[in-house]
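Please consult the sequence and the model alongside the text.

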Amino acid sequence: MKLVEKDDSTRTWRVQEASPNELYKSYEMAIKVSGTTTASVTISARFVSAIKNADDRRNDIAYHKVHLLGATVRDVLNFVVAEKIGRKHRIDEEVDISRDKLWGIMGNFNDVTWIPNASFAQVSGDSKNITFSNDPNCFGGHGNVDARLVWYDSSDWLMVLEYTGRMPTKFYREKIQLFSTGPNKTRVTYEYTALPDKDETGETFDKWFIPTITNRVAYLKKMFEDEFDDGDHDVSPSGPPSGPPVFPKGAYSTLAQGRVNAPVKEVWKVFRPFGKDCLEYWKIYESMKIEPPGKDVVGCVRSFVTSKTGSHIKERLEWRDDINHVEIYSMLSMTPPPPVTMSNVYTTITMTEVGEKETEVKFECTFDVSVSFAVSRIQDNQKGAYMACINGLQQLFHSEVGTLEVVVGSAADLARTDGWFDADPYVVVAVNDGKPVTTKVCSATQKPIWDERFQLPVTSRTRNVIFTVLDRDTVGQDDIMGTANVNLDELTSGKEKKMALDVQGGGTLNVRLYLKMHDKPKEPEGEKLVTSLAIPFLAPVAQSELDAIRNEFTNLITSFLGPGQKYEYVYMQRLRTHPDVPLEEYPAACVPMPTQEMFTPHKAGRLMQRLMEFIGSQAQIMVRLAQVKGLWDPWKANFSGYLPANERLIEEWQKDEEFCRQYLQGINPMVVALCKDQSRIPAEMLGLKGQGKTTLQLMEENRLFIVDYAPMLGVPATPGKFFYAPIVLMYKEELAGGKSRLNMLGIQLTRDKGKNEVYSPESAKTQPNKYMFAKMHVVSADNNVHQFLYHLGYTHLGMEPLVVAMHTHLPPDHPIHRLLLPHFRDTIGINYLARHSLVSRIFPITDPMFATSTVGGLVMFLNEWRKYNFMDMAFPEELKRRGFDEARSDGLEGYFYRDDGFKLWNVYKTYVTGMVNHAYADDRAVQADKALQEFCKMTEGPGQLNGFPREIPTKKLLIDCLTNIIFNVSAQHSAINFPQYDYYSFIPNRPAQLSSPMPDGPNDMLQSAVLEALPPPQFTSLQVLLSYMLSMPSQTAITGVEAMKEVYPDVHERFNTQLLDLSKEIKARNEGLKGEGKVAYTYLDPENVAMSIDI
């Protein structure tokens, strides 16, 4: 700026910008003083803006009008009062606290805790109203004072304030600046300029005002005189002894609390940041930041965006007590505003130590609201948010589950990093979530010997131990010679493993690893049972997920009363615990649930009845457990009341014949295949024999069958649970009278490059317990593959996109809509329930139940879904791929899933063909059906149903496609769903998980070790409950389908007749089986086949 005019006669100054800049093409400011006894100062500005953006230009003009000109007048007044009138005073005081921490309090415009008797501040922009107690030493006893922030420079530790309103002054300005005089010493310089009221002389004013200001600075010194501050604490105390501010408490309140398995100091350390660090555990928010100046101190304001609604919310940190672990924040605004007005919204978070390694976290919010009927909805939303925070914190802390003892022995042939010179190698060892440890340095050698032992903690997040070999350099950075990695899945608890690791970069590293998993803590028997029973029917999902369900249910009711909810796709969200798993690649889902997909009162009542039957049957289970005598009797204690026991299975389950029969007639008939390819047979299994025939001879005679659990490969392991990806060989045993049956050849659990153990009926002669345990590991793997892949994945989730596409593009009177509608009944509703319980993102109840845990099962399905093709998985094609056909050329007897399935498929195809022939004259009519083609595009595209035709140009393809749909949602789902109670309720027959691996060595394992690996009888209620609930007989069998009855009655009559005839045929066969003492296969009897995926 340059002075262009100074006129003492008119008391006018005028200055201009010396040259144009990016803000102004020209700029001029004039200052004029007038008056005699009372001075009047006028400041004006004239400028031509260079700012191109219209909004920015308007903001700059507003800044001049509202702030700059007025501030300049005050600056002039301050200069006159301080320098010409002499009303300036300065106080210096040294305080025992570091400058950073003191600035965090004093430099925070929102914080008044350092001002004596100040109890509360209401902040708006750069102004605040401070409430004081009625104290004569505090500004003359005034109860409220207004303050305005004039200048703020955190780099210079400087803040300037002006006080107005009810101050006993015409003008008052104070400047506060901090100077560091030591690591924990700060000099506070407090300088004020004041012009007393006209009724008071300067001398009289100084007599009371200077002690008041001196008292304020002295209070600051006293506040920290006993404070220990070494400058190294991660969390520094931020609350003075006087306690939190008093804030207006609303008429309503919300309470949420939960526990986190970690010490309170560690939980507080994670929770304490008020800004974007919260996103690490509070996953319901899309973004979060602290607004300028960006300091995370009391009074700062954070703004964030909710992921679900996109609402922009601002909250202010009102209080933080690092000693008592208390935080208070208030809600300032929400955009767009809620439909009801909320005020006085204050949330208090308290963390309390519960033992050494557990913390109780409590949220309590008080608020006022304009209309009382909205209180319940507000409380639900708040509680959901608070519980999401608590659950997110819990996910961050994983308790120690074991220890890993590592011996770093020696290395050989390491790579050279310094040309021809020998290295000075050392090794850094780390588990992937722990602190690294370092060996000594071995000088000048490529064959170092360290022989050092370390013990590392293993948590539930630990997956790998990583070895990094480095070359110590005296100058510059140490060079990396190579790395080696060991997955903890390769180790067995309680057994040392010697390993020669290939170092990526060259060489070999010799180590010894000893993994020791901690034993589970003992609990009183009664408490075990209560906890176990409570999980399935008292608290199957985390509270926050329940709140989310309730909120969605509220939306459902709202849409029910209004226009209804559209059928729209959403994609599965990633698990909070495993955000790296792209679950959005799953088939699209329909959320929120449309009104018409709600369960009928009758259906809901039947589910509740089934649940209460289970609960009633658990009565006196402790008595039954106390009375058990036989080895396997503890797992029979669940059978009582409404829960019948499958007595035949309990008697037969250990026999090889029963083991093999279940692959043909049991819960999962989807994995057995005719083996015609030697490359599929592991080398170690080629020596097996059945009825004197070698494996290859059996294959040549079309008598060899294989089950390969390859989908279990690559599934992440969970500490304390063990599973394999087994390979099972069976053969067709020829019996007298031309009969045959499937029988056992052998089992291989592992797929190592070296020797793999094979367990067979021959090895059972010397190792009967190992053989039984091998079969248990096989059926455990089968349980996980069946539930996550074939049941949940291919039927429930895989078919849902079709329902949405049908309701979106096929009008109700469209013949295909009429055809498919009964087959989509309750599918969206039951899937909605599964997503909020079985595979909930918050607390999936399948997690503790299955060997793979929830994430492992979902990863397995994801891997297989990427290879899935809808048309290739059609019943005839899928069986053909496994070597089976309608003519039974495979020669396998008793494969009733194949036999009944083909008959039912043919009935369906005849039914669909009749409908298509009525509805479409020729292929051109199919191709011209725009609604049908849009249905296809939506299903294959946004619906992500892989392999579904993007367009259907012919009647033949339409018939095949519709037949495939109807078979999948009715017959296929029925065949793999309704047998669950028959085969899963007796746990040893098909355990969902085992807690120990197959032991090594030539000796047999103890029978007690087999029993200990099974889930304890008290903890099996969840598996029994789910099998009982999901096996609830359908009341909408396909024999009741009437979709074509009115439009094409001849098609309907033929369909109904064929179904009833097939039902009679299957019943007659089953009666014959019973007469021979064999098991009937009832699951594909049309009278037992549900018309849709409705359970």
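**Backbone, cysteines and aromatic contacts**

With a relative accessibility of 45%, Arg888 counts as partly exposed, a class lying between buried (under 20% relative accessible area) and exposed (over 50%), with a 1.4 Å probe and protein chains only. This is a predicted model, in which local features need pLDDT of at least 70 and side-chain atom pairs count only at pLDDT 80 or more, while totals for chains, interfaces and linings use all residues. Residues are numbered from 1 along each chain as its sequence is written, and side-chain values use heavy atoms, with hydrogens and water left out.

**Backbone geometry**

- Arg888 has a positive phi, near 60 degrees, although the residue is not glycine; Arg888 belongs to the loop between helix 17 (875-881) and helix 18 (896-919), where helices are DSSP runs of H or I with at least four residues, strands are runs of E with at least two, and both are numbered from the N terminus.
- Arg11 likewise has a positive phi, near 55 degrees, and is located in the loop between strand 1 (2-7) and strand 2 (12-16).
- Arg11 is partly exposed, at 46% relative accessibility.
- A cis peptide bond joins Thr335 to Pro336, with omega near -5 degrees; Pro336 is placed in the loop between strand 16 (326-335) and strand 17 (342-353).

**Cysteines**

- The structure contains zero disulfides, a disulfide being a pair of cysteine sulfur atoms within 2.5 Å.
- Cys660 is buried at a relative accessible area of 0%, and Cys675 is buried at 0%.

**Aromatic pairs**

- The whole structure has 43 aromatic pairs, counted when ring centres of Phe, Tyr and Trp (its six-membered ring) lie within 6.5 Å; planes under 30 degrees apart are stacked, over 60 edge-to-face and the rest tilted.
- Trp268 and Phe271 form a tilted pair, because their ring centres are 6.0 Å apart and their planes stand at 40 degrees.
- Both Trp268 and Phe271 are buried.
- Phe884 and Tyr895 form an edge-to-face pair, with centres 4.9 Å apart and planes at 70 degrees.
- Phe884 is buried at 1% relative accessibility, and Tyr895 is buried at 0%.
- One aromatic cluster includes Phe884 and Tyr895, with Phe705, Trp905 and Phe1055 also among its members.

**Charges over rings**

- The charged end of Arg302 sits over the ring of Tyr329, 4.9 Å from the ring centre; the criterion is NZ of Lys or CZ of Arg within 6 Å of the ring centre and within 35 degrees of the ring normal.
- Lys603 lies over the face of Phe599, 4.8 Å from the ring centre.
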